[in-house]
Amino acid sequence: MGTHVIKMPDIGEGIAEVELSVWHVKVGDMVVEDQVLADVMTDKAMVDIPSPVHGKVISLGGEPGEVMAVGSILISIEVEGAGNAKEAPVVAEPVKAAPVVEAKPAPVVESKPAPVVTAQAPVARDADERPLASPAVRKHALDAGIQLRLVQGSGPAGRILHEDLNAYLQQGASKASTAANPYAERNTEEQIPVIGMRRKIAQRMQDATRRAAHFSYVEEIDVTALDELRVHLNEKHGATRGKLTLLPFIVRAMVVALRDFPQINARYDDEAQVITRLGAVHVGVATQSDVGLMVPVVRHAEARSLWGNAEEIARLATAARNGKASRDELSGSTITLTSLGALGGIVSTPVLNLPEVAIVGVNRIVERPMVIKGQIVIRKMMNLSSSFDHRVVDGMDAAQFIQAIRGLLEQPASLFLE
């Protein structure tokens with residue numbers, strides 16, 4: 001028998017260190033070739049680390065949340081044959097790490113049940129909050145009739161595991177008792193480490209608000225005619241070309257409006273004091289996933305048809321939610337579109353996606369009485385709540401840009417006039 005050492009790989013783009021986000025194996029597990037061992041987080045994306053060999057895990061090189069240098073030992077696997085740890089110092093390394101190896105299984109085995117046992121009263125989550133859980137766990141919960149938002153997760157960053165669902169079911173009587181007395185005192189506490197994607201989001205949001213001079217502009221838009229066009233196109237072409245949401249229309253309006261406002265389709269390098277205006281419109285579409293907010297990029301939106309943009313938005317959103325979006329698909333945007341859909345409220349103040357200088361935020365559509373030519377009529381109204389970097393974009397330019405988008409969306413035929 002020998003030892004195969006897997007080191008933190010060089011993921012490219014000059015990255016010297018990455019964050020270990022989650023282990024998919026533990027000491028003692030048998031693994032097979034191509035099985036995913038761990039997920040690591042770069043500045044741009046989550047990356048799977050697969051096993052190149054069959055064998056038994058004998059040591060783990062770090063804990064979730066730990067930042068590891070490229071080339072450091074990630075995991076050691078016992079294999080048939082000599083393995084790749086041939087030199088004496090390398091072979092001895094797993095032995096030196098033996099005390100750590102023996103200590104690590106203890107928290108894995110013992111700590112998981114702890115939060116489940118102490119927090120099986122329904123967890124205080126908002127109704128629209130999407131807890132972290134794998135697709136298999138979500139199916140398990142659906143089959144068992146469990147609302148995931150009521151379950152305490154014991155995995156990394158509060159991820160809900162199968163064991164958490166089983167423990168929740170076993171404590172059904174306690175849960176029923178709590179539900180029967182909604183005014184009972186609740187004294188549980190939960191500490192969730194900020195690691196992985198959540199750490200990256202926190203860092204980027206803090207950096208954006210610290211460095212950029214944000215200002216927001218809100219405009220009301222009558223989307224009655226636009227929605228009628230969307231419904232008509234879906235009835236006529238939906239079966240063959242796919243269903244359209246409002247997002248591809250808004251992307252089209254942004255593309256057309258940016259022709260007259262090139263200073264808004266730009267990136268600002270505040271360290272080099274250089275503004276780069278781009279002809280290509282690479283639209284980042286903010287997407288909520290199990291691990292947090294991600295921004296996959298619709299590249300060259302200016303060169304895509306309405307259905308082309310719709311298809312790409314849907315494809316990227318699915319990839320992001322499934323954790324399959326690549327680094328290239330999560331980088332390179334020139335302007336961002338963010339929407340909370342039906343939960344979009346009436347106004348928001350979106351945070352810039354640096355180094356971009358503009359983000360367009362979509363609020364929900366509501367029917368309201370409006371006065372048109374002296375008559376009160378019911379119209380479908382929607383607000384655009386958009387933010388800009390005042391270091392680069394003047395207030396008048398921002399207002400005129402959003403007004404241009406408004407004009408295009410209120411007269412949707414103009415979206416396709418050249």
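**Ground rules.** The model is predicted, so I take local features only at pLDDT of at least 70 and side-chain atom pairs only at pLDDT 80 or more, while totals for chains, interfaces and linings use all residues. I number residues from 1 along each chain as its sequence is written, and side-chain values use heavy atoms, with hydrogens and water left out.

**Entry 1: strands.** I looked up the partners of β17 (residues 358-372). Strands here are DSSP runs of E with at least two residues, helices are runs of H or I with at least four, and both are numbered from the N terminus. Two strands pair if DSSP finds at least two bridges between them. β17 pairs with β16 (residues 335-339) in the parallel sense, over four bridges. β17 also runs antiparallel to β18 (residues 375-389), joined by 13 bridges. I then followed I359. I359 of β17 stands opposite T336, and its bridge partner in β18 is S387. The hairpin of β17 and β18 has two residues between the strands, and K373 there takes a positive phi near 55°.

**Entry 2: helix α11.** I checked the length of α11 (residues 306-321). Its 16 residues reach 23 Å from first C-alpha to last, close to the 22 Å expected. The expected span is 1.5 Å times one less than the number of residues. Next I asked which residues of α11 are buried. Buried means under 20% relative accessible area, exposed over 50%, and partly exposed in between (1.4 Å probe, protein chains only). The buried ones include L306, W307, I313 and L316. The buried residues of α11 pack against α9 (224-241) and α10 (247-258), among others. Just after α11, G323 takes a positive phi of about 70°.

**Entry 3: D34.** Where is D34? D34 lies in the loop between β3 (30-31) and β4 (36-41). D34 counts as exposed because its relative accessibility is 60%. Leaving aside neighbours within four places in sequence, D34 is in contact (heavy atoms within 4.5 Å) with P50 and S51. I also looked up I49, 15 residues from D34 along the chain, and the two C-alpha atoms are separated by 8.8 Å.

**Entry 4: V347.** V347 is in the loop between β16 and β17. V347 counts as partly exposed because its relative accessibility is 48%.
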